[in-house]
Amino acid sequence: MRLGIPLFRTLVDLGAVTVAGLALLSRMLGFDQPERSEPVMRRARPIAVWASLVWSVAAFVSIVLLAWEIGGTFPGPQQLWAYLSNIPAGKGLLLSGMCGLT
């Protein structure tokens, strides 16, 4: 667990930055010129989908790991709910994971 929390937090950040960057890519390439941007975007879209999946899964796993660290045992639904409702970082990770799914 000592390495899991920083690893998954890094994956959350990398996934979010990748999705945001690829979302802006069409704007930088010139979305009004599809003959220029579409070949690149055809390859970038699947990468963005996978990055958003990594982002979401890493955020949800981070919630479980952090609740586990606070509680001392593997968290059940009640312990997860207590973590999400009482700790602001839990709410932030939940929101982040939901943004990745969106």
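View 1. Met1 is partly exposed, with a relative accessible area of 45% (buried means under 20%, exposed over 50%, partly exposed in between, using a 1.4 Å probe and protein chains only). The model is predicted: local features need pLDDT of at least 70 and side-chain atom pairs pLDDT 80 or more, while totals for chains, interfaces and linings use all residues. Residues are numbered from 1 along each chain as its sequence is written, and side-chain values use heavy atoms, without hydrogens or water. Met1 belongs to the segment before α1 (4-29). Together with Trp68 and Phe74, Met1 forms a nonpolar patch on the surface with about 320 Å² of accessible area (Shrake-Rupley method, 1.4 Å probe; patch residues have over 30% relative accessible area and no salt bridge, nonpolar side chains being joined within 5 Å; a salt bridge places a Lys or Arg side-chain nitrogen within 4 Å of an Asp or Glu carboxyl oxygen).

**View 2. The aromatic pair Trp68 and Phe74.** One aromatic pair is found in the whole structure. The ring centres of Trp68 and Phe74 lie 5.2 Å apart with planes at 80°, so the pair is edge-to-face (centres within 6.5 Å; planes under 30 degrees apart are stacked, over 60 edge-to-face, the rest tilted). Phe74 is exposed at 55% relative accessible area, and Trp68 is partly exposed at 30%.

**View 3. Ser62 in helix α2 (residues 34-71).** Ser62 is buried, at 1% relative accessibility. Not counting residues up to four places away in sequence, Ser62 touches Phe8, Arg9, Val12 and Leu93 (contact means heavy atoms within 4.5 Å). Ser62 and Arg9 are 53 residues apart in sequence, yet 6.6 Å apart in space, C-alpha to C-alpha.

Conventions
Phe/Tyr/Trp six-rings, centres within 6.5 Å; stacked < 30°, edge-to-face > 60°. Helix = DSSP H or I, 4+ residues; strand = E, 2+ residues; numbered from the N terminus. Patch = residues over 30% accessible without salt bridge, like charges linked within 9 Å, V, L, I, M, F, W, Y side chains within 5 Å.
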